[in-house]
Amino acid sequence: TLCNDETVVVPGHGVTGDKALIEAQITLFETIRAAVKDAVAAGKTADEIKAMPFPRFAAYGNERRDTTIAVILDELVGWKNTP
């Protein structure tokens with residue numbers, strides 16, 4: 001809600017963008033969070049979840065991938081999974 005069609009987004013890393021950049025990032029996090037939540041409900045371990053493929057993460061690199069999954073796990077179940 002802080003962005004409009006005129007907003008220029010300057011992330012801490014990567015290229016500048018617009019509101020669509022923020023919307024894509026939100027969708028990415030929501031998609032991964034839902035998959036991790038389903039995996040936790042299915043009884044998967046943290047290591048199994050971290051090994052799951054998340055094709056949309058390819059452009060972000062593994063460092064951000066692992067950290068994001070660890071934060072989501074901590075949020076959902078209180079695991080301290082810092083990579």
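Start by finding Met52, which touches Ala35, Ala39, Lys44 and Arg65, leaving aside residues up to four places away in sequence; a contact here means heavy atoms within 4.5 Å. Keep in mind that this is a predicted model, where local features need pLDDT of at least 70 and side-chain atom pairs count only at pLDDT 80 or more, while totals for chains, interfaces and linings use all residues. Residues are numbered from 1 along each chain as its sequence is written, and side-chain values use heavy atoms, with hydrogens and water left out.

Now zoom out. The protein chain has three helices and zero strands; helices (H or I, at least four residues) and strands (E, at least two) are DSSP runs, numbered from the N terminus.

Met52 also belongs to the largest nonpolar core, a group of 12 residues that includes Leu28, Phe54 and Ile72. Such a core is a set of buried Ala, Val, Leu, Ile, Met, Phe, Trp, Tyr and Cys residues joined through side-chain atoms within 4.5 Å, and buried means under 20% relative accessible area (1.4 Å probe, protein chains only). Helix 1 (19-41), helix 2 (46-50) and helix 3 (62-77) each supply at least two of the core's residues, with helix 1 giving the most, four.

Let's follow helix 1, then. Leu28, Ile32, Val36 and Ala39 are buried there. At its start, a side-chain oxygen of Asp18 comes within 3.0 Å of the backbone nitrogen of Ala20. After helix 1 comes Gly43, with a positive phi near 85 degrees.

Notes:
Buried < 20%, exposed > 50% of the residue type's maximum accessible area, 1.4 Å probe, protein only. Polar contact = N/O pair within 3.5 Å; in protein donor to acceptor, adjacent residues only side chain to side chain.
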